[in-house]
Amino acid sequence: MMAPRPDRFSRLLALVPYFAARRGIALEQAARDLGITPRQLTKDLELLFVCGLPGHFPDDLIDLQFEQGYVEVGFTAGMNRPLSLTSTEASTMLVALRALLDMPGAVDRAAARRAIAKIEQAVGASEKRLPVPTGGGDEGGDSDNPTYATIRDAVRAERALEIRYYSATRDSVTERVVDPIRLQTMDGNTYLEAWCRSSDGVRLFRFDRVETATMLDEPATPPAEALAHPQSAILSDNPDLPSAEIEIDPDELWILDYYLVEPLEPVENRTDPDAPLRARLVYGSADWLSRFLLGFGGRVRPVSDPGIADMVASTAAAARGRYQ
C-alpha cells in the first residue's frame, strides 16, 4: 500500500488521541474542528480502521465505529497518548500563534497568549522568546472588539447570528440573519463562513466589515449540502473574493480536499481519469495565487485569464534570474 502524504500521515497519528478524548463526537463536528471535509475525514477513518499493532489480527487493529455519523474509539492500539512536539514543531506553532494575534478576530487573544506561554515553558524558550503583539489594552481577550468574540461564540455554540455587514464592492450596509458554519483565515484576514438566509446561499463575511453581531436564541441550521462541501461556501457568488479557472493534472487532485477549489465537472463521473481536471480556485491576493501555482511546477495552471498566466510566467522568470 502506498504511504500517505506527510501532512496526512501527521493528521492520522493525531486522530486516535483526538477521538479518544471526545468519545461519540459527531463526524461533521470533528471535520470542522480538524479543518477538513467530512469526506476526507471518512477516508482517514477508513484507513485507520485497517491499521494497528504488528500481527494485524482483528484484535490488533484500531477499533473505530463511525458508520452512524458519530465516532467512537473502542481499541486505540496504544495511540491514545497525545503526541509531543519537537522543538521545530513548537517553534512553528509559536510563529503561527503570533501571526494569529495580528489577524482580526481569528482567536481569543488572551487564550492565544496563554498557549504561547505554555509552549515556551515546555520547550524551555521563555528566556529568549520573541515579543508578543499586545494589540493595545486587550488583556480581557476580545474586550477591544466584542463583535469578534460574539461571532466566534456563535460558531462554537452553533447559534444563529444577526449582523450588520458592510460590502466594500457595493458600498452598502445590510442587515441579515446568518447560520454560522466555520471560520476561515486567508491573506491576513478572518472570515465567517455562514449560510445567509437573505441570499439563500453560503457567503463569507470579513470580520472587520461586520459592524454589529448579535447571537440569537435559536440554533444555526445551515443546509446539509453547505456542511458537506466546505469549498462551496467560499466559491459561492461572493463579491469580496476573486477566482480563477485552473487545470489540475491527475496526480495533484488531492488539492481538492485542502484548498478552496471547486471542480467544474463531477470528479467521480470523469470518462478519462488520466486527463486534467478543470476547476475554479478562489484566492485572496495575486501574490498568493502566483506562489500557489508556481509551487506545482506547471502541474496546476491557469486557463481562464491570460493576465494570471503572464504574472506566473514573469514571477518564474524573475526567480530564475536570481539564481543566475
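User: Before we start, what counts as a nonpolar core here?

Analyst: A nonpolar core is a set of buried Ala, Val, Leu, Ile, Met, Phe, Trp, Tyr and Cys residues joined through side-chain atoms within 4.5 Å. Keep in mind that this is a predicted model.

User: OK. Which residues touch the most other members in the largest one?

Analyst: Phe-19, Leu-41, Leu-45, Leu-48, Leu-64 and Val-71 do, out of 19 residues in that core. At least two residues each come from helix H1 (6-20), helix H2 (27-34), helix H3 (38-48) and strand E3 (70-75).

User: And which element gives the most?

Analyst: H1, with five residues.

User: Let's take Leu-41. What does it touch, skipping residues up to four places away in sequence?

Analyst: Leu-41 touches Leu-15, Phe-19, Leu-27, Ala-30, Ala-31, Leu-34 and Ile-36.

User: Switching to strands. How do E9 and E11 pair?

Analyst: Strand E9 (residues 243-248) runs antiparallel to strand E11 (residues 277-282), with six bridges between them. Across that pairing, Glu-247 stands opposite Arg-278.

User: What about E10 and E11?

Analyst: Antiparallel too, over three bridges, with E10 covering residues 261-263. There, Glu-262 stands opposite Arg-280 in E11.

User: Back to Glu-247: buried or exposed?

Analyst: Buried: Glu-247 has 17% relative accessibility, and the cut-off for buried is under 20%.

User: New topic, helix H4. What span does it have from first C-alpha to last?

Analyst: H4 (residues 87-101) reaches 21 Å over its 15 residues, close to the 21 Å expected at 1.5 Å a residue.

User: Which of the H4 residues are buried?

Analyst: Ala-90, Leu-94, Leu-97, Arg-98 and Leu-101.

User: Why do you put those on the same side of H4?

Analyst: Because they cover an arc of only 100° around the axis.

User: So what's exposed on the other side?

Analyst: Thr-88, Thr-92 and Val-95 are exposed there.

User: And what covers the buried residues of H4?

Analyst: Helix H5 (109-123) is part of what covers them.

Key: Residues numbered from 1 in each chain as written. Predicted model: local features only at pLDDT ≥ 70, side-chain atom pairs only at ≥ 80, totals over all residues. Heavy atoms only, no water. Buried < 20%, exposed > 50% of the residue type's maximum accessible area, 1.4 Å probe, protein only. Helix = DSSP H or I, 4+ residues; strand = E, 2+ residues; numbered from the N terminus. Contact = heavy atoms within 4.5 Å. Pairing = 2+ DSSP bridges. Expected span 1.5 Å × (residues − 1). Arc of directions from axis to C-beta.
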